[in-house]
Amino acid sequence: MDASVSPVFWILAAVIILSAIAVVSLKNIFHCALFLILCLFSVAGIFILLHAEFLAAAQVLIYVGAVAILIIFAIMLTTNLASRTIQQVNKHALTALFGCALFVLAMVGLFRQSGVWNWTQTALPDENVLTIGKLLMTKYMLPFEVVSVLLLAALIGAIALAREEKS
Amino acid sequence: MEFQLPDFDLRVMMPEIFLFLWALVVITFDLSTKRRSGAAVAYLAMFGLVITGILLAVAGTGAGFGAMFFNDAASIFFKVIFLGAAFMAIGSSFGLLRQKIQHHRGEFFGLILLSTVGMMFLASSNELLSLYIGLELTTIPLFVCAAFFKDNRLSVEAGIKYLIIGAFSSALLLYGLSLLYGLSGTTDLLQMRINIATTHLNFREIGMLPMISVIMLVAGLGFKLALPPFHQWAPDVYEGSPTPIAAFLSVGSKAAGLIAFAKIMINGLQVFYDQVMAPSDWGILVAVIASAAMIWGNVAAIRQANIKRMLAYSSIAQAGYIMIGMVALNELGMAAVSFYMFTYLFANMGAFAVVAIFEDTTGSTQISSYNGLAKTSPFHAASMSVFLLSLAGIPPLAGFFAKYYVFASAIKMAGAADDKSWLYWLVGVGLLTSVFALYYYANIIKTMYFTTDESPYRLSVASPGSAMVLIGLIGVLLFGLYPTPILEFAAGIPEALGVVVP
């Protein structure tokens, strides 16, 4: 079924846009973090509509489970941050809005052109989680391994920066 | 469900695997000596880089892991540049070990090595996914290195600035890459070229989407290369970071951005550089950016009082000259770009090595502090002058031939194709701004030589940092007088990158 005609899609899309606006406009940073979680959850819903179950699971695990929780921890561990009101816009807000609007219009215009995405019109295989796993372990094994080197480097760097020195 | 592993040939990957393991050895060594190892850790890291260089020569060309890893003339040439940049950056770090870096020395050098592994992996990738991961592995360790003086406000600011700009540019690049993947249906660069050409036979149908993708790619890579208008981070980050890291950023990181640019834009997207695809032509876009880099970089450099900021603006301008060869997009152009990067390695790393020694001895990075340096430290003053003159492109130094070949390739291309006459303009801008550049480079030489004062500072000649200055000096003079072997090797690069001469 075409995802765009489903009423579920329109509900999810509305939730995504409204919660995203809330993230960048609310005065309390803790509320912003909660709306960010709602927004990311709804994106996972869109992935499910598109039959991309793996992406949906990864979205929930990584963005909701790890990134958003980390943000909430950071807010709670920073003194008084959760109860303070913050200013979300500065004098460049209108310029930024104009730039974003231009970008959205350009992208919408371009995506509406027909025939652009002809490479992706083949149907997804039913077991696309299996296919992704197989590709990661065969064709894309090398980049997959290099990602672990990358994580190691990030880990070492984070410890070197965050540790308190006693001299 | 059966698994079919790709043919993997670990032989060609030996240098990368070794350097990765060696980075862990360096960190473990520092830990096992209870962090008292001092300079030994830096010597260990440099030794590892030399061994990696030897392994690189032994490993030779070939493919490993199917299409994921490929060693050709271009990747070997750039890997030598990465290894040289890391070697000279670590070599000029000894002064920091005495005072500024008391903690986590192993991590400091280990992260430089890991970043080098990322660059080497990037240079060998022929595929979007591994290319992107290589680029991330290049930059993430450098965020940490830039902020390594934890008590210094400027250094922490440099680290955070580089992190945010890095994340932003990666996001842009990734968006561009994903559009490209959507358009071509493949992540393999060679296959992409074929697929896009096939689709483009019916150009009207595909619309302007490739253009947006190209703009995002140019912006994302423009941040990495510090090309205007994406260059503002460079002076702040160079000023705040430890000087050897600033040097490594300006040479190693730039070379990595350059090879990534060449791989995506030439290997994958050369079809856009063509009359048929004119709306998506990236040549004019990059040419405008390159002239902005040459003009703004050189003009802004004149006003700088801090030598690290001046070198930052100078490196922005140098990136502009390099991009002339890139947009000329003929065989001479790619060879010239590679040769330019090679000579830039010696001249810029050498200049930063002198700055590092001066900063370690005097604590100052102001140009005015160099007043009368020639009388007390003739070796360093003379070397600095040679490096700056090479950057300015004065014969018979290596930088002159680099500029000459870059300009020659553009003129040749402009003469060969009627619709490429704008390349003449680019060369004109390049020649004109070279004159500006000479002014601020010569200004430092004037400060060091033409004064009656005597500098209160005396720089030590017997130090590892001075050895790096000597290496730079030999490189600039030797490859200025005898560039033939490097040029001969570089001549194989256009073919490796798949440059098709129309």
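Now the ground rules. This is a predicted model, where local features need pLDDT of at least 70 and side-chain atom pairs count only at pLDDT 80 or more, while totals for chains, interfaces and linings use all residues. Residues are numbered from 1 along each chain as its sequence is written, chains are lettered from A and ligands numbered from 1 in the order in which they are written, and side-chain values use heavy atoms, with hydrogens and water left out.

Let's take chain B. Chain B has 22 helices and two strands; these are DSSP runs, helices being H or I with at least four residues and strands E with at least two, numbered from the N terminus. Its radius of gyration is 22 Å, close to the 23 Å of the globule rule for 502 residues, so chain B is as compact as a globular protein of that length. That radius is taken over C-alpha atoms, and the rule is 2.2 Å times the number of residues to the power 0.38. Along the principal axes, the C-alpha atoms fill a box of roughly 70 × 55 × 40 Å.

Next, the domains. Their bounds come from an automatic or database domain assignment. In chain B, domain 1 is 9-266 and domain 2 is 280-502. Their C-alpha centres lie 21 Å apart. The contact (heavy atoms within 4.5 Å) takes 54 residues from domain 1 of chain B and 53 residues from domain 2 of chain B.

How much area do domain 1 of chain B and domain 2 of chain B bury between them? About 4500 Å², 78% of it on carbon and sulfur atoms. Buried area here is the accessible area (1.4 Å probe) that two parts lose on being put together, summed over both. Phe77(B), Met88(B) and Ile266(B) supply 16% of the area that domain 1 of chain B buries against domain 2 of chain B, more than any other three residues.

Arg309(B) forms a salt bridge with Asp236(B), with the closest N and O atoms 3.0 Å apart.

How values were computed:
A salt bridge is a side-chain nitrogen of Lys or Arg within 4 Å of a carboxyl oxygen of Asp or Glu.
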